[in-house]
Amino acid sequence: MMDAMLLLERCRRANQDIEQLADRLMMMRDSQIHISQVLDGMPRASKKEDRMAMYVARMDALERELAERKETASLDRVFAVMVIDKALKYKAREREVLWRYYVLGMSVEEIAHMLVLSVSRIRNAKQDGINQVRQTEAEDIMLAAGFQPGEDGLNRDENTSNMG
């Protein structure tokens, strides 16, 4: 059985991972790689030619990792939204808080500012929402949406046409 809170936490971690990867990529892009012109007019790395090749290879690997993580995260977000909507069908504030916290990756303080509520009210709404989600079986929600349990999580069942 997959726990509904596990899905939400996985979605939040995915947001954090993507942010960290994007930051690393940006830092690499902004790093000082000095290219100098030599007499033949061809660009060269400032110390060694293979330094540039290593830099490009690392950038490429980070970009691929970021793209893969974003793809996985998009599916995690779909699952998280389904769990939140099902568990909190009639609780708009709790649904909004959990959606912003787990799916968008916002902090409690950012949510409070955005919704013009106190941090303590947001924390209470978040905890109430979490308590409600814990009573929801995530696997049942996913199965109803046409996803089947797999060894590495839930996989989309291509034969199921419940999604439209």
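The model is predicted, so local features need pLDDT of at least 70 and side-chain atom pairs count only at pLDDT 80 or more, while totals for chains, interfaces and linings use all residues. Residues are numbered from 1 along each chain as its sequence is written, and side-chain values use heavy atoms, leaving out hydrogens and water.

Side chains of opposite charge can pair when their charged atoms come close. With a salt bridge taken as a side-chain nitrogen of Lys or Arg within 4 Å of a carboxyl oxygen of Asp or Glu, the count comes to 5. One of them joins Arg 10 to Asp 76, with the closest N and O atoms 3.1 Å apart. Arg 10 belongs to helix α1 (residues 4-30) and Asp 76 to helix α2, so the pair ties together parts 66 residues apart in sequence. Helices here are DSSP runs (H or I, at least four residues), numbered from the N terminus. Asp 76 is buried at 4% relative accessible area, whereas Arg 10 is partly exposed at 23%; buried means under 20%, exposed over 50%, and partly exposed in between (1.4 Å probe, protein chains only).

Another salt bridge links Glu 96 and Arg 100, at 2.6 Å between the closest N and O atoms. Both residues sit in helix α3, 4 residues apart, or about one turn. Arg 100 is buried, at 14%.

Helix α2 (residues 49-87) also holds Val 81, which is partly exposed at 27% relative accessible area. Beyond its neighbours within four places in sequence, Val 81 contacts Trp 99 and Val 103, contact meaning heavy atoms within 4.5 Å.

How values were computed. Helices (H or I, at least four residues) and strands (E, at least two) are DSSP runs, numbered from the N terminus.
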